[in-house]
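Keep the 3D view open as you read.

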Protein chains: 2
Amino acid sequence: MKALKERILRDGKCFEGGILKVDNFINHQMDPILMKSIAVEFVRRFASTNINKVMTIEASGIAPAIMVGYLLELPVVFAKKKKPVTMENMLTTSVYSFTKDRSYDVCVSKDFLSKGDRVLFIDDFLANGNAAKGIIDLVEKAGAELSGMGFIIEKAFQHGGDYLRNAGIRVESLAIIESLDNCEIKIR
Amino acid sequence: MKALKERILRDGKCFEGGILKVDNFINHQMDPILMKSIAVEFVRRFASTNINKVMTIEASGIAPAIMVGYLLELPVVFAKKKKPVTMENMLTTSVYSFTKDRSYDVCVSKDFLSKGDRVLFIDDFLANGNAAKGIIDLVEKAGAELSGMGFIIEKAFQHGGDYLRNAGIRVESLAIIESLDNCEIKIR
């Protein structure tokens with residue numbers, strides 16, 4: 001996706017340790033026009049896929065997911081990172097975050113993810129794939145089906161994408177970062 | 001907003017202690033078509049207001065905020081509930097949550113909230129107004145201006161709205177809950 005790649009090269013910032021900051025247009029300040037174009041591209045790439053629900057994880061996945069849901073006229077469920085006090089009937093999984101060096105719980109209500117659901121998962125980043133693995137676990141526990149996973153940015157050098165594709169999952173990443181070595185952004 | 005009020009009466013669930021659950025269409029599973037109608041109504045209500053930025057707090061505010069930003073073609077900033085490790089140059093405030101009975105930090109980068117910004121704040125709920133007060137504090141610390149605050153649902157009996165309006169803030173709530181006594185939803 002040309003507009004996205006150009007924006008990453010223009011506004012993305014690279015830090016030691018393979019960190020790419022895109023917080024001025026994706027995950028702190030967001031550009032809603034770009035977000036809508038991103039959603040259109042996801043819709044195009046998953047056009048042949050049978051989906052009845054869009055899913056994401058709070059917080060940065062919500063904006064692209066709601067745009068995809070709006071275009072497809074499908075409900076959007078966001079998995080939560082802690083078990084809210086007013087929630088029962090939950091499916092829970094544990095996700096290890098390399099960035100934060102700790103595990104956190106991700107949960108979703110059984111009311112909104114269940115047998116018969118065909119899920120398109122949307123998120124901002126695919127790095128090690130740990131969050132994605134958590135979603136796969138939740139979808140399996142619910143007896144639902146994973147139709148595909150779409151990411152705005154994939155960091156190929158952290159190999160989450162390899163894992164997911166080898167597991168037979170349909171993965172679409174709109175910008176694939178080959179390397180951030182020497183703090184230089186190289187896009188495939 | 002008629003469609004929203006009808007939806008709350010149909011799908012909202014009431015629990016002891018003034019709790020209204022709308023997690024099947026607003027803050028866990030989301031209805032993107034309704035969310036877009038909500039955004040249109042916010043745009044209509046704040047039509048006379050001078051805004052250059054939409055702001056919200058993660059996570060439930062992001063969906064309505066991105067839709068408002070999309071319609072107005074303005075950037076959307078979401079304040080974060082913990083200080084991310086890769087973020088510097090932050091403004092921080094503390095917010096007390098009655099639901100969770102604990103305080104949490106809310107922060108925003110100075111890069112995305114600064115002098116000259118005229119902010120429309122959008123969120124899903126206005127209850128005691130503590131999150132809103134946190135945003136007011138961040139906007140003041142940034143030297144920015146608060147143009148208005150829009151909420152999908154206001155719980156009038158928890159008086160956050162009284163506080164904000166008495167402070168001279170332009171507040172628009174699309175559905176105002178008068179009472180949840182005896183687990184019956186009464187909308188103004």
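## Where the chains meet

Between chain B and chain A, the count of salt bridges is 0. Please keep in mind that this is a predicted model. On the side of chain B that touches chain A, the elements giving two or more residues are β2 (19-21), β3 (29-30), α2 (32-45), α3, β5 and β7 (102-109) of chain B. Of these, α3(B) gives the most, with 6 residues. Sorted by type, the residues on this side of chain B are 22 nonpolar, 9 polar and 9 charged.

How large is the area buried between chain B and chain A? It comes to about 3,500 Å², and carbon and sulfur atoms give 71% of that. The residues of chain B that lose the most area to chain A are B:His28, B:Met30 and B:Tyr70, which together make up 21% of what that side buries. In terms of contacts, 40 residues of chain B meet 40 residues of chain A.

## A sheet that takes a strand from chain A

One open sheet has 7 strands with mixed pairing, and its order is β3(A)-β5(B)-β4(B)-β8(B)-β9(B)-β10(B)-β11(B). At its edges stand β3 (29-30) of chain A and β11 (186-187) of chain B; each has a single partner strand, so one side of each is left without a neighbour in the sheet. Helix α3 (residues 62-72) of chain B packs on this sheet, touching β3 of chain A as well as β4, β5, β8 (118-126) and β9 (145-155) of chain B. The direction of α3(B) makes about 175° with that of β4(B).

The link between the chains is the pairing of β3(A) with β5(B), which is antiparallel over 2 bridges. Here A:Met30 has B:Val76 as its bridge partner in β5(B). Within chain B, strand β4 (residues 53-57) and strand β5 (residues 76-79) pair in the parallel sense over 4 bridges. In that pairing, B:Thr56 stands opposite B:Phe78 of β5(B). Another helix, α4 (residues 130-142) of chain B, lies across β4, β5, β8 and β9 of chain B and runs at about 170° to β9(B).

## A sheet that takes a strand from chain B

A:Val54 stands opposite A:Leu120 in β8(A).

## Salt bridges

Over all chains, a search of the whole structure finds 26 salt bridges. One of them joins A:Glu154 and A:Arg165, with the closest N and O atoms 2.8 Å apart. A:Glu154 lies in strand β9 of chain A and A:Arg165 in helix α5 (residues 160-166) of chain A, so the pair ties together parts 11 residues apart in sequence.

## Backbone details to look up

Most residues other than glycine have a negative phi, and most peptide bonds are trans. In chain A, the peptide bond from A:Glu58 to A:Ala59 is cis, with omega near -5°, and A:Ala59 lies in the loop between β4 and α3 of chain A. In chain B, the bond from B:Glu58 to B:Ala59 is cis too, with omega near 0°; B:Ala59 sits in the loop between β4 and α3 of chain B.

A:Cys183 is not a glycine, yet has a positive phi of about 55°. This residue is found in the loop between β10 and β11 of chain A.

Terms used. Residues numbered from 1 in each chain as written. Chains lettered and ligands numbered in written order. Predicted model: local features only at pLDDT ≥ 70, side-chain atom pairs only at ≥ 80, totals over all residues. Heavy atoms only, no water. Pairing = 2+ DSSP bridges. Contact = heavy atoms within 4.5 Å. Axes fitted to C-alpha atoms, helices over the stretch in contact; angles between N-to-C directions. Buried area = accessible area lost by both parts, 1.4 Å probe. Salt bridge = Lys/Arg side-chain N within 4 Å of Asp/Glu carboxyl O. Nonpolar A, V, L, I, M, F, W, Y, C, P; charged D, E, K, R; others polar.
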